[in-house]
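I opened this notebook to keep track of what I looked up, entry by entry.

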Amino acid sequence: MCGIVGYTGANPVKPRLIEGLKRLEYRGYDSAGVAMQQDGGLTLVHRVGKVAELEEALSSFDDSSTCGIGHTRWATHGAPSEANAHPHSSCQGDIAIVHNGIIENFAELREELLSRGHVFTSQTDTEVVAHLIEEAYDGREGDACKGDLMKALRHAVGRIVGAYGIAAVCAQEPGRIVVTRKDSPIVLAYGEEGAYVASDIIAVIEASRDVAVLEDGQFADMTPEGISYFDAAGNAIEPPIMHVDWDIDVAEKGGYPDFMLKEIHEQPRVVRDTLAGRLSGGSLVIDELGLSLEELNLIDRVYVIACGTSYHAGLIAKHLIEMWARIPTEVEVASEFRYRNPIVTPSTLVVAVSQSGETADTLAAIRDARIKGAKVFGITNVVGSPVARESDGVIYTKANKEIAVASTKSFLGQVVSLTLLAMLLAQSKGKLTLGQIRLLYSELADTAEQIEEILSDTTAVEEAARACKDAASALFIGRGVGSAICYEGALKLKEISYLHAEAYAAGEMKHGPIALLDEGFPVIVVATQSPVYDKVISNIQESKARGAMVVAIATEGDQEIAKHADHVIYIPKVRDAFSPITASVPLQLFAREIAVLRGCDVDQPRNLAKSVTVE
């Protein structure tokens, strides 16, 4: 959530800030603003709504400024408004900051600052940082920081508790931007036109493919001449430079009407790329995990920790790990895991799943698990992300940049990665032979072609969506691994169409949810061929008896299902263990089609953010 951009150089800053903010729109936001050094002072402009509205507001300003910072905000403290939009400034208006994260002790600091005469103009937690910097810069905290923006920033963050990525500018220090971070991502790049800072690589990639990722407690001092880096103690450091090898084209729609549809169609490639090179000599090889098969054999408990869509990928992983490796596996919502004192030992494996690799709750859970001695593996889509850096090993999902807020290709990449992990654990435990591993790997690879087959004809999905578009609510049911698919299908529908949806294991229907059913109520059923197929048919009949309209995801060739369902969406026959990969695709398309029919913004649904970096 939220996005930071900044530039200092010899060229106009305004178009660079606007372009950077547009690149960050996919993360979700409700307001935007910039602060530009201009005519010996700072010019601040805020707008509620899209970056396009901010761009229009800035059209009357000239291009004389060559240094500034910008921000897209997702409201946490205070409603979306121009007053609450970033950047925030000091009392005198000569210092401005942008901030991602949460200042946990802001109320206490705010009262303290008010008592000393500071005047606040917003309801945000962020504004206290601008006033703390101001006090240090003016010398009210002693002469050590007076007139030095970097020292003033260092003093200010020493007072705050919480998560932050901060960039600050000062009217008295032309061309300078100072930056720091804790638990909130910051990347920097220096190109031919000057120095750039952002909260996401996508905002700086056109300037340079070589970026530095700031670590917690580190600082950066940016000028047109270059970027200097410092550790928490103020010592000069040289951070590692990461080369970005994906193309900016991944952030363009490529002829599709929206990013979500484009990313759904990229899923066959994601499956192939995630599997590439994982089978060697007939056995699975995932060198990035950093543990030998002998060490993996010692694992006696697995926790999968995740949030949202990633949590549903974890539910699928539980099914596979317990089935193949016979290791007890629990799936935990990351925000709960860290507070309930779970049983974790050195033989516990914690698998942290996060699309962005920067989800605050997941990161906190990782740290708690490591303190308790667990091995930690990360499943993420972002190279160099905090989850990747703080895990003992990592599997990258190879989805490339995902722009639409509702995850599709990253989810499938997670499911494929977790399937590989389940197979590897089974291999290490001797529960699957090498012949079985080769067969499973081959069938898993075939799902890429099967997804292409599903995408080649979406007529049945579109017909079902038209029948359901005016509903007020919907129910998703399935059994076994199908229930996990349903949880993800219901979430997708809620996220992008704002149609209320819930998912249940189908056997739970008679324990409450069946009371919802009446004439025409949509019930979406995952009814693929599986050991529990007959049970699912019984649940469909229960639904039809109460007047529900049934949409079934079924296996190609199953003619029996058409006798019971109002709409049938067929998918290719696959092993039940791999059905989440194929069955998820029509549910993604179904949610998107309903959202389009209801006039919703499928790429940027209201109130949601692509990356959640606060608790």
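I count a salt bridge where a side-chain nitrogen of Lys or Arg lies within 4 Å of a carboxyl oxygen of Asp or Glu. The model is predicted, and my search of the whole structure gave 34 salt bridges.

Entry on a buried pair. I looked up Arg176 and found that its salt bridge partner is Glu173, with the closest N and O atoms 2.4 Å apart. Arg176 is buried at a relative accessible area of 15%, and Glu173 is buried as well, at 11%, because buried means under 20%.

Entry on a pair across elements. I then turned to Glu135 and Arg116, whose side chains meet in a salt bridge at 2.8 Å, N to O. Glu135 lies in helix H4 and Arg116 in the loop between helix H3 and H4, so the pair ties together parts that are 19 residues apart in sequence. Glu135 is buried at 2%, whereas Arg116 is partly exposed at 38%. I also noted that Glu112, Arg116, Glu135 and Arg159 are linked in a network of salt bridges.

Entry on the backbone. Most residues other than glycine have a negative phi, and most peptide bonds are trans. I noted that the bond from His86 to Pro87 is cis, and that Pro87 sits in the loop between strand S4 and strand S5. Arg326 has a positive phi, near 60°, in the loop between helix H9 and strand S19, and Arg326 is exposed at 59% relative accessibility. For Lys398 I also read a phi near 60°, and Lys398 is partly exposed at 35%.

Definitions and conventions
Residues numbered from 1 in each chain as written. Predicted model: local features only at pLDDT ≥ 70, side-chain atom pairs only at ≥ 80, totals over all residues. Heavy atoms only, no water. Helix = DSSP H or I, 4+ residues; strand = E, 2+ residues; numbered from the N terminus. Buried < 20%, exposed > 50% of the residue type's maximum accessible area, 1.4 Å probe, protein only.
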